[in-house]
Amino acid sequence: MSDSAVFYRCIPYTLSSAAEINNTAYESALAFPNPTSGRFTLILPDDTKQIEIVDVVGQTIQKVTVSNKEPLDMYLENKGVYFVRLSGGTSIRFAKIVVTN
C-alpha cells in the first residue's frame with residue numbers, strides 16, 4: 001500500500017453558444033480516495049443539482065438529485081472505471097473514479 005493519495009478535480013464545461021470552458025467555475029468537485037475500494041466522497045460545487053455515475057460503456061449506474069451541498073458519500077460495488085457527471089445551472093463537470101476492490 002502506498003502512502004500517497006490521488007485526488008481528481010472535475011473539469012468544468014459551460015454550455016453556451018460558443019461552448020466555452022468557464023474558468024470561474026474551478027471550485028470543482030473533488031472525489032477521494034481515488035482509486036477506491038468502492039466507497040468514496042464527493043465534495044460538490046455550489047451549483048450541483050444532479051449526479052450521475054456511468055460505467056465505461058455508458059450505462060447509468062446511479063442517479064442522484066442533490067438537495068444540499070454537503071459532502072456526499074457514495075459506494076460502487078463492482079470494480080472498474082466509472083465517470084461521475086455533475087450537472088447544475090449551465091455547467092456540466094466530469095470526474096473519473098477507479099474502483100479496485
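Q: Where is T48 located?
A: T48 sits in the loop between strand 4 and strand 5. Strands here are DSSP runs of E with at least two residues, numbered from the N terminus. This is a predicted model, in which local features need pLDDT of at least 70 and side-chain atom pairs count only at pLDDT 80 or more, while totals for chains, interfaces and linings use all residues. Residues are numbered from 1 along each chain as its sequence is written, and side-chain values use heavy atoms, with hydrogens and water left out.

Q: Is T48 buried or exposed?
A: T48 counts as buried because its relative accessible area is 1%. Buried means under 20% relative accessible area, exposed means over 50%, and partly exposed lies in between (1.4 Å probe, protein chains only).

Q: Which backbone oxygen lies 3.1 Å from a polar atom of the T48 side chain?
A: That is the backbone oxygen of P45.

Q: And what is T48 in contact with, leaving aside neighbours within four places in sequence?
A: T48 is in contact with V66, K69, L86, S87 and G88. Contact means heavy atoms within 4.5 Å.

Q: Turning to T41, where is that residue, and is it buried or exposed?
A: T41 belongs to strand 4, residues 39-43. T41 counts as buried because its relative accessibility is 15%.

Q: What does the T41 side chain make a polar contact with?
A: The partner is the side chain of D73, at 2.8 Å. A polar contact is a pair of N or O atoms within 3.5 Å; within protein, one must be able to donate a hydrogen and the other to accept it, and residues adjacent in sequence count only if both atoms are side-chain atoms.

Q: Which other residues is T41 in contact with, beyond four places in sequence?
A: Besides D73, the list holds L30, A31, F32, P71 and L72.

Q: Changing topic, which residues of the largest nonpolar core touch the most other members?
A: Of its 15 residues, these are F40, L42, I51, I53, L76, V84 and I97. Strand 4, strand 5 (50-55), strand 8 (80-88) and strand 9 (91-99) each supply at least two residues of this core. A nonpolar core is a set of buried Ala, Val, Leu, Ile, Met, Phe, Trp, Tyr and Cys residues joined through side-chain atoms within 4.5 Å.

Q: How do strand 5 and strand 6 pair?
A: They pair in the antiparallel sense over 5 bridges. Two strands pair if DSSP finds at least two bridges between them. V54 stands opposite T60 in strand 6. The two strands form a hairpin with 4 residues between them, and G58 in the turn has a positive phi of about 90°.

Q: Last topic: what is the peptide bond from F32 to P33, cis or trans?
A: That bond is cis, with omega near -10°. The bond from N34 to P35 is cis, with omega near 10°. P33 is in the loop between strand 3 (30-32) and strand 4, and P35 lies in the loop between strand 3 and strand 4.
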